[in-house]
Amino acid sequence: MLLTLLAAAGLALLRVRNLFAVVMLAGIYSLLSAGLFTVMDAVDVAFTEAAVGAGISTVLFLGALALCGHHESKPGHTPLLPLFVVLVTGGLLVWGTMDMPGFGDPANPVHHHVADHYIEESYHEIGIPNVVTSVLASYRGYDTMGETTVVFAAAVGVMILLAGRLGRRPQPEGKGDGG
Amino acid sequence: MSAHLPILQVVVPLLAAPFCLFLKRGRAAWGLAVLASWAALAIALALLGQVMQEGVLSYAIGDWAPPIGIEYRVDVVNAWVLVIVSGIGAVVAPYAMASIEREVEAGRIPLFYAAYLLCLSGLLGITITGDMFNVFVFLEISSLSAYALIALGQARRALTSAFRYLIMGSVGATFIVIGIGLLYVMTGSLNMADLAQLLPEVWDSRTVKVAYGFLAVGFCLKLALFPLHLWLPNAYTYAPSAVTAFMASTATKVAVYMLLRFFLTVFGAPFSFDVMALDRVLLPLALVAIASMSLVAIFQVNVKRLLAYSSVAQIGYMILGLSFATVTGLTATLLHLFNHALMKGALFMAMGCVMYRIGSVHINAMAGLGRRMPWTMAAFVAGGLSLVGVPLTVGFVSKWYLILGALERGWWPVAILVLLTSLLALVYIWRVVEAAYFRDFPGDESTREAPWTLLGPTWALVALNLYFGIDAGRTVEIARQAAEVLMAGIGP
Amino acid sequence: MTTLLLLALGVPVAGAAFIALLRRNPNAREAASLVTAGALFAIVLRIYQAVSGGARPEAVLAEPLPGIRIALEAEPLGVLFALIASFLWIVTTAYSIGYMRGHHEKNQTRFYLFFAFAIASVMGVAFAGNLFTLFAFYEVLSLATFPLVTHAGTEKAKRAGRVYLGILFSTSVVFQLLGIIWVYAVAGTVDFEPGGILRGNVGAGLVPILLALFVFGIGKAAVMPFHRWLPAAMVAPTPVSALLHAVAVVKAGVFAVLKVTVYIFGFEFVAETGASVWLMWAAAATIILGSLVAFTKDNLKARLAYSTVSQLSYVVLGAMLANSLGVIGSGMHIAMHAFGKITLFFCAGAIMVAAHKSEVSQLNGLGRRMPVTFAAFLIGTLSIVGLPPTGGAWSKWFLGVGSVEAGQIGLVAVLMLSSLLSLAYLLEIPLRGFFGKEGEGAHGAHGDGGASGEDHARADGSAPGFADRGGSHDAHDPAHAHHGPQQDAHAHHGAPRWSVAAITVTAAACVALFVYPEPFYRLMTMVTGP
Amino acid sequence: MSLDLLVSHYNYWVVIFLMMVGFYILISRGNLVKKVVGLNVFQTSVFMLYISMGKVSGGTPPILVYGETDVLYSNPLPHVLILTAIVVGIATTSVGLALAVRIKEAYGTIEEDEINAIEARTEATE
Amino acid sequence: MREEVIVRVGAKVLAPFIITFGLYVHFHGDYSPGGGFQAGVILAAAIALLALVYGLDAVQKVVTPRFVRACAALGVIIFAGVGVVTMVLGHNYLGYNALAHDPEHGQHYGILGVELGVLVTVFGVMVTVFYLFAGRRRRKQ
């Protein structure tokens, strides 16, 4: 059910050309996916996706749209090449899933190996019940540090791009511009 | 402390980055960046020494033994790449001071160094880690800061170039994530060494093959293998000079390293060559890349873009070495990683000197510069000759092993093609040389040689070009050892 | 002994440094050039003594790739080449001092500087201990002579420079380098060894291919169709042409061919496999075609250039004969042709400086004003053609006998025909000089000399007083670089003093070598063995 | 293709379909902001793929229930990875949007076709 | 919008709750979903809400751009710093067991520390980015 809604939202995104509507649809898409995450036991992820996808990114998109204008012009050419690329990629992925273990099967290798260790030992080793937090902050704490750094890098990037004086027009064409 | 070198390799520049934000003056941030990058180089050299003596180093972050936690794993291959990346970082950082002050407005300079350090630590992190998902995280650190660095370019086209790079880069990263996910679902592990053990059992599954394909496309996007190179020329052309010099010598190299690491260590050389026929896929791509991009480079009038196309062609040489599927071929690839970093670094830095003085790198604007900026142009000529592959330069060493590899396989037409394309390099380098030495200088009479703060680092790289061209014993030895590590499990 | 080898390389480089340091003082700068040249010759002489005594000094400079070293080793063939080159460098330097000042050339320091570098790389080529070293110095030589070829800096010079570097680089990179790496791949080494290193390592089918890679890959040997760079490089000032086309560049090429044949393939091995038969005919074709083209050239330097193309293939031919006599003839021809051809170029330059004539058809009667020059030209001609009493007779003799021994009677005919041709096109010049009526032809088919290009234009007005002021008017050079053509009519003062001296020396050497070819012959027999 | 396969894999396939929708928006649309939206959709769908992998039928969220030992928990590791990936995604989005804003200021448009036309024009004038 | 008293009062009332909720999410992350990242986002959202209602200037007077910028950098320093501390104490990087005699306590302290780092950075970054986008628009007008 959720998946159907998601598909509908995705297709709508493709068609709609008013960017405000697009952003709203993208927010809805995020919320729906958060719902899906909850269904699939990923409550932490759902929480985050809701906050980020539906919250922060919507705010950012709206902020950007206010600066950029909100109407998308008609695509000028028939997008055959992208369609082809997408079909090939998708086809390949579907072909690849054929040999994948079935959905939700507890016997899948993915649920054993290291995952067993996390579930069985984490309370003993770390002492907190939320395994996701244990893994996030301790077992794979270094990834989280990287993640923090990514966020910081994004801030640096946005500062580089937007913190300068407004209207700093690049110097006249031809200085370093153009070939 | 030496036990902690692997982690310090990444954490030192990473931790220096946020401090840059607290420094108001650009020079202070610059000092910090120089210190951090030199420290990184020292650590990388120490690591290489350690690995050469003691073999593989493993560092369990958070004391969690792999595969439970994240592991840093250093062998000859990535110690070598670490030296390349941090070495270029350490040379470009001092160079950046004057160059960036000219090309970037004062208020953003501390931000520049923060992004520079982040990019550096991201690249180092990708290289050193033994965990697949950690690759993705650090890939994004380096990519995000790279987008910002490129967007700092003066021309407005820097912005569109950065955006295009962002889109292409994100697609690449997402493909990589998909690939990692598919591998994970088949094995339940994210640790590379662990995966190398687990994967042979599921080689036959279509999922693993698709994962292979997605990783291949993802990395080839990042390393700008023809025809996935479209983002690169503009990005290199419009980025600030120091950024171009840094990126051209490091970013694509790290992507090549990742390709090697995933295909030859994680999947294993037998899988890549026997099951996936990687060599037969890459060979034509590499040849087309080399020939077509060298030709395109000949017709460029913006010298930075000319060099950028040349970079795409040179990446073709690295992939060509891989496609030989022999130790010699791989030695050539690993040597060229290092050698190309040296030569392209020197060439782009020479262009930075030109940019500093005359504000343009258009080939016509460089007319007569040979007399106005003799040292700069001499550096360009030296770097160019290295690119062509003249003996006693590093370029020759790479060519030698590449051709040796081709002849070992009995592919003499490939050898001839490699030699012919190095003549194309001669043509495009010579166009610049002729402009600089055989035409009259049209510009301002007061144009002088670039300051020594720019020339010093540039010539340091030129000197290395010559030194390792005359005495390549050590580099060849390391590259060969690394190649043998990568080719483990397959005959020489 | 090792020190001597290193000095042979180091002295010219040090000389270059002095030249650069003394750039403000032309006299001191030229003195430095001369002293360096003299010192180098002395060093090479010492090496010669040692080598003819049986020693084989070696020096290793570096090891760029594992197992592949930059190594120097003095052996007879290399000593022969080094002797010629270092001796003629002295003469050329002396000659160029007069010429460059007389011509008011710009950038004279750069000229001497790269001249010295060129000689340093020639020494490297001569004493190369393995293929890699040979290749490296071969390429350095191309690069070092490039600024000399394009010295004038004009559009024409630039085009010529492109052809020059383009052909030399492409042949060497595409064929020669491939050959070297291939040799390494099959033999595991690239060191020069008496008797060659390929025997037993390579199938008979591959030998012709490898040999062809070297013969054509060594573009400096100018085997057709890769000869175009040689006439193109004629835009260079005459001393450069003399150096390039008599000594340094072209001889480095044929020397390399000979050396590779002897020390990599082993000429006996080549003969056994019959690898060189078709290459002999390629060389023979170049000999004949070069002579024919030379016939059609009215420009003196162009005619000499095509003559060189033709003569170089004699050396290649000798190597391809792959027997002792052929190799001896080949080596001797390197020497004999060097002396002969440099004499001719010196004369051409002297004529240009003194009389501003660059076309053959303008030379009528000039010999009576410049008797020494034209007499020397005659001697040079005889030596090139191979007639007694000049040294050229010896090399032609050995080549002819070698051909007979190889069973290639057809080649003997080629040699005869080519000698006749070269006699015809070279002898025309002294004949015109001594017996032609002045004024005839000078304004004939070629208009008023404007067709001869800017060499001629630059010659205008600079010659008066050249011979007596040769010493020191470099300093105020640019001020009166062009006096204007009106002085042209009064320009015939005979050849300049410095030039005459140089010409006399080389012409005398041509004759002397007929009487006393012993040193070169002995060196070559040491190469071929008893 | 058995029904079994269909039942056990349809979840993946729908997710792949969503991924491809996002990917298609990303590479076919000329509007820069829409491209970023496409990127978001693409990435979010990849997240779903991961989370699907981590799901165990009949499992519960991986928050340990005190005292119980035979609870079936879903796999926590994909959750952790995706938490990281979400953050990376928002970081990319913010930089991408900031770039779009600057491009709008510099070119007056965020349509790729128009930007290309402007760039071609400036190049021609040189 | 500023004239809308209800909104202003509403926001004023709401903001503390949001902030409290954010802190709850942070500290309760060990037991239920949540943690530093989510908390940081929520806190940032509170600031954004206040800015929308009271205007950017007013909020920036209290929560200055310099402050949030510093936060962004500080968080990374805290996180990486925890690792350095454990290293100095003789363990591997991020080996929290070093932080106390009892490994379980060590883990606890470590997690608290790094979560704090995440919180600070995420809060700082989100607000910075928000300020920049919003500020750009205002300066444009």
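Predicted model: local features only at pLDDT ≥ 70, side-chain atom pairs only at ≥ 80, totals over all residues.

Modeller: Let's start inside chain B, where B:Asp75 and B:Arg261 bring their side chains together in a salt bridge, 2.8 Å from N to O. B:Asp75 has a relative accessible area of 10%, so it counts as buried. B:Arg261 is buried too, because its relative accessibility is 6%, and the cut-off for that label is under 20%. As for what brings such groups together, side chains of opposite charge can pair when their charged atoms come close.

Staying with helix 10 of chain B, which covers residues 241-266, you'll also find B:Thr250 there. B:Thr250 has a relative accessible area of 0%, and therefore counts as buried. A polar atom of the B:Thr250 side chain lies 2.6 Å from the backbone oxygen of B:Phe246. Leaving aside residues up to four places away in sequence, B:Thr250 touches B:Val85, B:Ile88 and B:Leu123.

Now for a pair in another setting, in chain C. C:Glu272 makes a salt bridge with C:Arg199, with the closest N and O atoms 3.0 Å apart. C:Glu272 counts as exposed because its relative accessibility is 55%. C:Arg199, at 42%, is therefore partly exposed. There is a network to mention as well: A:Arg140, A:Asp143 and B:Asp131 are joined into one by salt bridges that share partners.

Over all chains, a search of the whole structure turns up 19 salt bridges. One of the pairs crosses between chains, running from A:Asp41, in the loop between helix 2 and helix 3 of chain A, to D:Lys55, in the loop between helix 2 (32-54) and helix 3 (76-107) of chain D. In the salt bridge of A:Asp41 with D:Lys55, the closest N and O atoms are 2.9 Å apart. Both partners, A:Asp41 and D:Lys55, are buried.

That pair takes us to the interface of chain A and chain D, where the rule finds one salt bridge. Polar contacts there come to 10 residue pairs, both residues at pLDDT 80 or more. On the chain A side, at least two residues come from each of helix 1 (2-15), helix 2 (19-39), helix 3 (43-68), helix 4 (80-97), helix 5 (113-125), helix 6 (131-139) and helix 7 (141-162). Helix 3 of chain A gives the most to this side, with 14 residues. By class, the chain A side that touches chain D has 59 nonpolar, 19 polar and 12 charged residues. The contact involves 90 residues of chain A and 82 residues of chain D. Between them, chain A and chain D bury about 7700 Å², and 75% of that is on carbon and sulfur atoms. Among the seven pairs of chains in contact, chains A and D share the most contacts.

Chain A meets chain E as well, with 41 residues from chain E and 41 residues from chain A. Here the buried area is about 3700 Å², 76% of it on carbon and sulfur atoms. The salt bridge count between chain E and chain A is zero, and the rule finds four residue pairs in polar contact, both at pLDDT 80 or more. Helix 1 (5-27), helix 2 (36-54), helix 4 (65-88) and helix 5 (103-140) of chain E each bring at least two residues to the side that touches chain A. Helix 5 of chain E gives the most, with 20 residues. That side of chain E divides into 24 nonpolar, nine polar and eight charged residues.

Finally, chain A itself. Chain A has seven helices and zero strands, and 59% of its 179 residues count as buried. Chain A is divided into domain 1 (1-72) and domain 2 (110-166), and the C-alpha centres of these two domains lie 23 Å apart.

Notes: Residues numbered from 1 in each chain as written. Chains lettered and ligands numbered in written order. Heavy atoms only, no water. Contact = heavy atoms within 4.5 Å. Buried area = accessible area lost by both parts, 1.4 Å probe. Salt bridge = Lys/Arg side-chain N within 4 Å of Asp/Glu carboxyl O. Polar contact = N/O pair within 3.5 Å; in protein donor to acceptor, adjacent residues only side chain to side chain. Helix = DSSP H or I, 4+ residues; strand = E, 2+ residues; numbered from the N terminus. Nonpolar A, V, L, I, M, F, W, Y, C, P; charged D, E, K, R; others polar. Domains from an automatic or database assignment. Buried < 20%, exposed > 50% of the residue type's maximum accessible area, 1.4 Å probe, protein only.
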